[in-house]
Amino acid sequence: MLKALAQGLLGVALRILGVARQPVLRGTFHVSDASLSAPVRVRIDKYGVPHIEGKTERDVAFAQGWVHAANRLWQMEGARRAASGRLSELADAPQALEVDRLARTLRIASIAAEDFSMMDDEEQQIMRSYVRGINSYLRSAQYRHPIEFTLAGITPDLWTVEDVASICRLLAVQMSHGWFIPLLMRVLQRKLGSDSAICLPEWDNRRPTSLPKGKNEVRAHGSQAVDPDDVAVDMMHLHALAPEMQPGQGSNAFCVSGEHTASGKPMLASDPHLRGSTPMIWYQVHVRCEEGGLDVAGVSVPGVPLITMGHSDRIAWGITLTYNDVADIFEEHCHPHDADLFEVSEGEFERCRVWEDEIAIKGARREPLRVRWTRHGPLLSDLMDVHAWTA
């Protein structure tokens, strides 16, 4: 009884402290900075949606960074740590370590820095303005230290353009499905036998759609029985590598001509089928600037500037995942006496690139990580129980 009472009081105290730490964003206010061409006006409507009005796109991006940080700082912190492989600094948890190992093996942060270097000047300036806006909030008198940071025992570092670029790259990795199916097929092939037919035939609707009660094994023609629980172990590794690729995921979008609607106006529906979360991945916002005539409302991703899905007064756009194959998987063959040599042609081997890394884990523990890349890319087999595969 006393334990339950203490837990209840602790929950109430944390709730009160959390609410007290929330930023007070309501009504209309202005965001100012020496880097802006003019102060930016921000109006919070009755639904809590910010309407940002500035002189230039860079000014608007600055204010959007400010507002994002004020409302979603902990979410943004989690995203940049996931992209850079630093989640384990927050918690000594197997799931965090799996994500960190993947992010560092794929070298998401390094590739993101290259992404930024290839952007044109205006894109880079918008991203820099957005980052300045985030950091301006962190230094401002309006800053409220989120309760999550207190519980984690950390203080947010200032943001960089590489942080923003890495979140963009992380989203791209999460939405890439082309490498997942080949690995899944490889797992099944290893369990069912190399001679098993992996392709699924057309299904006759007269056949049963579920296994008879009590049947807990999978059998391919001419192969031995396999316990699904055994396959599930390898599937857990795949899901750890690709958390957005759980069964049941999908994506769709459609557009209907005004000839078929009651209003006579076209209708656009966009349903990316991203998994639900608290807070959700999207953040509603309306941005408008004098120069260039930008006037767009929609949803944004905290940690990324401007609008991802939305509409102007003339057009609307959405996004959907088409499940196109945008990644290649290669099966590598290593030298029998040197695991860092990989065959590039018959009898010819090439040494892979190696990075010795360490993952800091909360509690002062450090986990060594050896990252290997062949000419095709990162060696995924170092992360899971499969033969040498690269993406």
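In which sense do strand E11 and strand E12 pair, and over how many bridges?

1. **Before you start.** This is a predicted model, in which local features need pLDDT of at least 70 and side-chain atom pairs count only at pLDDT 80 or more, while totals for chains, interfaces and linings use all residues. Residues are numbered from 1 along each chain as its sequence is written, and side-chain values use heavy atoms, with hydrogens and water left out.

2. **The chain as a whole.** You will find 9 helices and 17 strands in the chain; helices (H or I, at least four residues) and strands (E, at least two) are DSSP runs, numbered from the N terminus. Of its 391 residues, 40% count as buried, where buried means under 20% relative accessible area, exposed over 50%, and partly exposed in between (1.4 Å probe, protein chains only).

3. **E11 and E12.** Now to the opening question: strand E11 (residues 334–335) and strand E12 (residues 338–345) pair in the antiparallel sense, over 2 bridges. Two strands count as paired if DSSP finds at least two bridges between them. His335 has Asp338 of E12 as its bridge partner, and a hairpin through 2 residues joins E11 to E12.

4. **E12 and E13.** E12 also pairs with strand E13 (residues 348–351), again in the antiparallel sense, this time over 4 bridges. Ser345 stands opposite Glu348 in E13. The hairpin of E12 and E13 has 2 residues between the strands, and there Gly347 takes a positive phi near 80°.

5. **Cysteines.** A search of the whole structure finds 0 disulfides, a disulfide being a pair of cysteine sulfur atoms within 2.5 Å. Cys352 is in no disulfide, and the nearest cysteine sulfur, that of Cys334, is 9.6 Å away. Is Cys352 buried or exposed? Cys352 is buried, at 8% relative accessible area, whereas Cys168 is partly exposed, at 31%.

6. **A serine in a loop.** Ser312 is found in the loop between strand E8 (309–311) and strand E9 (316–317). With a relative accessibility of 17%, Ser312 counts as buried. A polar atom of the Ser312 side chain lies 3.1 Å from the backbone nitrogen of Arg314. Leaving aside neighbours within four places in sequence, Ser312 is in contact (heavy atoms within 4.5 Å) with Asp295, Val296 and Trp317.

Methods. Polar contact = N/O pair within 3.5 Å; in protein donor to acceptor, adjacent residues only side chain to side chain.
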